Amino acid sequence: MRLSICVLSIACTFAFLVGCAPELVPPDGDILGTVLGVAAETADAPEVPSHSGPEGEGSAVASEELSVTGSLQGSGNYELYELGSSAAGDLWSVFGADIFSPPAPMVVVLFDANHSLLMRRVVTASSPLEHVMRDASSRVYLGVTPPNGGDGGAFRYAVRRTGGHAVPAVRQQTVWLNFGPGSQVEVHSRSGISFAAFDGVMLGEGYEGRSETIKQAIVQAMQEDYASYDVVILSSDDGPPPDGPHSTVHFGSSDPGLLGLADNVDNYNQDETQNAVIFIETFARFDVMRLEPEEMGQMVGNVASHELGHLLGLYHTLDPDDIMDTTGTAWDLAEDQLFGHTPLDSTVFPFGQEDSPGLLQKTVGLRPGVVVLDPSPHTAKMARRAMIRRFAGEQIRWMCGTCQHLDDH
Ligand SMILES: [Ca+2]
Ligand SMILES: [Ca+2]
Ligand SMILES: [Zn+2]
């Protein structure tokens, strides 16, 4: 097997990929990284010279098994290595080599040719990253960055590609929405939480007697968000939990800092029997917005779709119109959000995107009857909203003469 590699060694807070993908250079960004473009065609190719950046260094060797070595410290710093093309059924394995004592845990990711996230893992000496390619990709990139709250440090990884593995089949997911009471519900390895059945008044006094309207809006929002995918969403109002394997989204309780919580980010939905909770009472803080019951239901539904997204393998993104976003305002959260193809939140990786529709399609598959996923309406809607947001922001600045003539006399 031959691997053709191109090393992109970048370790700067605002560095972006150049050379192989010049379109990614932001119009006003600084290009601080240096690119080493090397095509090593044979297993005995010479070692690629290492690049010493201002805050990191890295190198890679082409063979059946690549060795990737570097050092990174501080959040926002990362390195990218181009690993060449890859076929569906290729298994990529990234092992931490135990040469440092102890080796620093680092976030290791794989991106496809579109810089969309394929897999993410905190790699340590005992915890490798493994990923079977669902689709062929003309390029695969390996990314390394220090973990959140971690210092980073030196790393050396063995990167192995072996072909011919079975592509994991897509698998339907059943989800039960529990609006009833909960007893000792365990989520994200927290101690069990108990709560009473959902009631609109938990969201604020203005929602007293509006429980049914709000619940319907929650269920409708979630069913819309997952309408293209093979996800069956059932409500406790329609019956008891299904007999077969299912995940549960609970609606109850409160948390001082959270709207929702999921067991984990379950890459490609390895576990069909997980829990998430939507902290209904926390939403009472939005009572001041005087949202209609339908709007409040939309807001809760966005969060529920977000937590279910984690249970199906989705990470945080940076687009207030996207369901996996965490950066928007409460007003953004009260509007209809969508699964989109959007930039990753920097806490996931400081580069790249998440193609949520693509990942859901590869994980649970399309709903029977949906033949081809057409993301264009979603993409167009997001683009339109982004344009409106920019337009509104500019209008407000233009109309404020005080700011423009603040120091005139
Ligand atoms: Ca899961
Ligand atoms: Ca929606
Ligand atoms: Zn989240």
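Me: Is His316 buried or partly exposed?
Reply: Partly exposed, with a relative accessible area of 23%. Keep in mind that this is a predicted model.

Me: And His306, buried or exposed?
Reply: His306 is buried, at 8% relative accessible area.

Me: Which protein atoms are donors to the zinc ion (ligand 3)?
Reply: NE2 of His306, NE2 of His310 and NE2 of His316. They lie 2.0 to 2.1 Å from the zinc ion. The spacing in sequence is H-x3-H-x5-H.

Me: Where do His306 and His316 sit in the chain?
Reply: His306 is in helix H2 (residues 293-311). His316 is in the loop between H2 and helix H3 (330-333), ten residues from His306.

Me: Switching to packing. What does the largest nonpolar core look like?
Reply: It has 66 residues, and Tyr157 and Phe251 have the most contacts inside it. H2 gives the most to this core, seven residues.

Me: Why does this core lie between domain 1 and domain 2?
Reply: Because both domain 1 (6-162) and domain 2 (173-373) give residues to it.

Me: What is Phe251 in contact with, beyond its sequence neighbours?
Reply: Among them are Phe179, Phe195, Phe198, Met222, Val300 and Ala304.

Me: Now the overall numbers. How many helices and strands?
Reply: Six helices and 21 strands. Buried residues are 49% of the 409 in the protein.

Conventions
Residues numbered from 1 in each chain as written. Chains lettered and ligands numbered in written order. Predicted model: local features only at pLDDT ≥ 70, side-chain atom pairs only at ≥ 80, totals over all residues. Heavy atoms only, no water. Donors = N, O, S within 2.8 Å, 3.2 Å for Na, K, Ca; no water. Helix = DSSP H or I, 4+ residues; strand = E, 2+ residues; numbered from the N terminus. Buried < 20%, exposed > 50% of the residue type's maximum accessible area, 1.4 Å probe, protein only. Core = buried A, V, L, I, M, F, W, Y, C linked by side-chain atoms within 4.5 Å. Domains from an automatic or database assignment. Contact = heavy atoms within 4.5 Å. Lists of a residue's contacts leave out its neighbours within four places in sequence.
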